[in-house]
Amino acid sequence: MDIEQKPLLLTGHHGEIRAMTFGKRSGSVLLCSASADYIIVWDIKLCQRRTQECKVAAGTVIGTLLGEVVHLSFCFSDERVAACSGATVYILSSKRHEVISTLTNHLGPLTSAEFCPWNKDILVTTSEDRTFKVWDLKTVAVFYQSFVLSASPLLSVFFLEENRHLITGSTDGQLWCFSLHDDHKCHLVTKMDLQKMEKRHQVHQGTVNDQAGVEAVDKVETSKPVLRMASCSLFIGTSNEDKKDHSWLCIGSSDGLYVVDLATSELLTALYFRDYPNLSITMAGSWSISPGWDDSIVFLVSSLFTPCVALLELRLCDLRSTLACGEGFSVFPSCTLLLESPLNAELKKKEPEHPKRKGGIKEQPLIFHSKVKSSGYSSAPRSIMFSPKTNIQKNPSSKKANKNTGLLLRDYPADSSAPAIPYIHLNLVNKPVHCLQYSGDGKHILCGLGDSSVLLYKSSLTGNPTVYTGHDKPVGSVSWSLNRQWWLSASEDQSLRIWTHGNPEPAIIMGNSMFSKPIRSAQFYYLDKFLLLASGPSVYLYLYNVDITRDNIKRYQQRSVVKLASCITTTSATDITALSAINDFFSYMVLVCGSDRSIQVFDMNKGVVVSALPDAHSRAVHCITQNKGSMFSTQAADSYNLFLTSAVTDGVKIWDLRTLRCVRRYDNHLNRCHPCSSSVSPCGRFIASGSEDNCAYVYDIRSSSYLHKLQRHSDTVLSVTFNPATPEICFTHNT
């Protein structure tokens, strides 16, 4: 704090000092230093006072002749010190010369050792044998031993106290995040690679800033060792009572500083030494990270080849404002329709022409009612002409009868918890249920089956369903219209059909080689004005008019009309794997996922692709879902700009349409199964994901760990959806 104050000189070691560390407590500042001869703990305030009194500043020797110590760390109460020397960890007392315990189990030299912040008796060590171990200091035993994580040695370990995670990094830039719960068994949460994240970040920066023509100069790739890690605590709001965001992780490497968002496993920014010519450091040998003041972090970096150090400061508020600015889109329209917009297309309806009939009086029927009453000549004569009716019970009006019809007409409970209690389990057929969707009022549910049929159930799944047949191959997509009068089904047989209530025959059939490839996704769009579907590399926009009247003689003739309004092709002419758009209100944006692992944004007002995000996942995205809300609940306007994508082996990601950045990632079960589908709850607080491990996972949208793991299925969960009217969730699986 005081630059003019002279530095404090501490003498006492006879050998070269290899490791140093400060204590964790803020009251009394302790410093521990180690050489081949001594390990000394210094009380900084006491040493400063003795120096001012012209006395020799002395420390407390806590260890002698323990070998070449490469790493030191204090426990969070500053009572114990862990010293790594060779393949052994010495647990020393910080107040006197005492070896509390000796830990030896690694097959190679140790590189780091850190105490657990929420359990003082837990220690985690990393070694050049490419494993880490979780130790119980009470019994001096190993709680957990990891498998061989990498081909390179592990260098560092860091704890995240907020969500009970530990992160370890290697010399080749690999990071592994594990969960460490009370059972002391570590489960892999996510794996990150600095080089891959750096490449994705560079591609994304070029896409957002429209710098596609600028190509990076080929450079020799160097390893990015994870020398040091620290958490960035950033206030979300303005008041002091607001919560902090601990999802940012600062990683000090040899070529610069990397800031990673752990919630998304994406690189936020990279600060390279080469970009600062005034900096005297080109390659870092070690890092020391400390939280600063006013949302800033202070870094002390030592050079690897020259005898110099540099003090750096990173302001998180400036970094956050830089990340927030971007091109930005919104699902809500920001301008009126253009004159040449495809959304202005209208379908001219032909009125039926009836020929005028002459002599209309002759053709009128003699009886104008539907039932002819008897004249009464054959009945017995009446003896009682009139008798008044008394004690008549009045029938309740239809309005009163419909006032209380259950939970479906009430507001969605905003404070309800995520559904976790099983309600009903129904076996349909021996064919997989590929897709399902609730109606807007939550009263019915559509199921598309692998045997090319569509089932219409009540939302309670009671009673026999209405079966609709006509497709030749499995049904891969179903969608309700906003007015709930029609629904559509799209199949692998390259056909689309629109159905109406109570009619076993489809009102519209779109087939007959209209599409060259199967329809991957289809839905109603723009308040039921259009049919939106994806086939091959193109997005089709159709006008339609449903007419269910038929001529009894010419029943094969379809009176419904379908007309192509627009056809837009993806930028890279890649086949579309998933499509999503909002039909509940006017929106110009259509989100499309391609087989080249990209996400593309279509502006239907302009009829063009306005943005493309390459390499959104490591595999092709097979499911995309928007936060479409519900007529029974209200949400903030910004929440509608969130959408989900899922891909095989790459988990589920939440994206923000305004910045086209990933804001959250869910991959707790990444290495054990593949996500197959995802859905957002009507209140916008939870998401659900079906998986190949026969389970369904329900997450809180604000955290990366799942709330519930539903294990009621016997096979792969293919589809998942929330009821828009009640806190219920429905899953379908392969059998």
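Colleague: Is Tyr640 buried or exposed?
Modeller: This is a predicted model: local features need pLDDT of at least 70, side-chain atom pairs count only at pLDDT 80 or more, and totals for chains, interfaces and linings use all residues. Residues are numbered from 1 along each chain as its sequence is written, and side-chain values use heavy atoms, without hydrogens and water. Buried means under 20% relative accessible area, exposed over 50%, partly exposed in between (1.4 Å probe, protein chains only). Tyr640 has 12% relative accessibility, so Tyr640 counts as buried.

Colleague: What type of aromatic pair do Trp287 and Phe299 form?
Modeller: Rings of Phe, Tyr and Trp (its six-membered ring) pair if their centres lie within 6.5 Å; planes under 30 degrees apart are stacked, over 60 edge-to-face, the rest tilted. This rule gives 22 aromatic pairs. For Trp287 and Phe299 the centres are 5.9 Å apart and the planes at 85°, which makes the pair edge-to-face.

Colleague: How many residues apart are Trp287 and Phe299?
Modeller: Strands here are DSSP runs (E, at least two residues), and helices are H or I runs of at least four, numbered from the N terminus. Trp287 lies in strand E21 (residues 284–291) and Phe299 in strand E22 (residues 296–303), a separation of 12 residues.

Colleague: How far apart in sequence are the parts that the pair of Phe332 and Tyr640 ties together?
Modeller: Phe332 and Tyr640 are edge-to-face, at 5.9 Å centre to centre and 80° between the planes. Phe332 sits in the loop between helix H3 (316–324) and helix H4 (360–363), and Tyr640 in the loop between E40 and strand E41 (642–647), so the separation is 308 residues.
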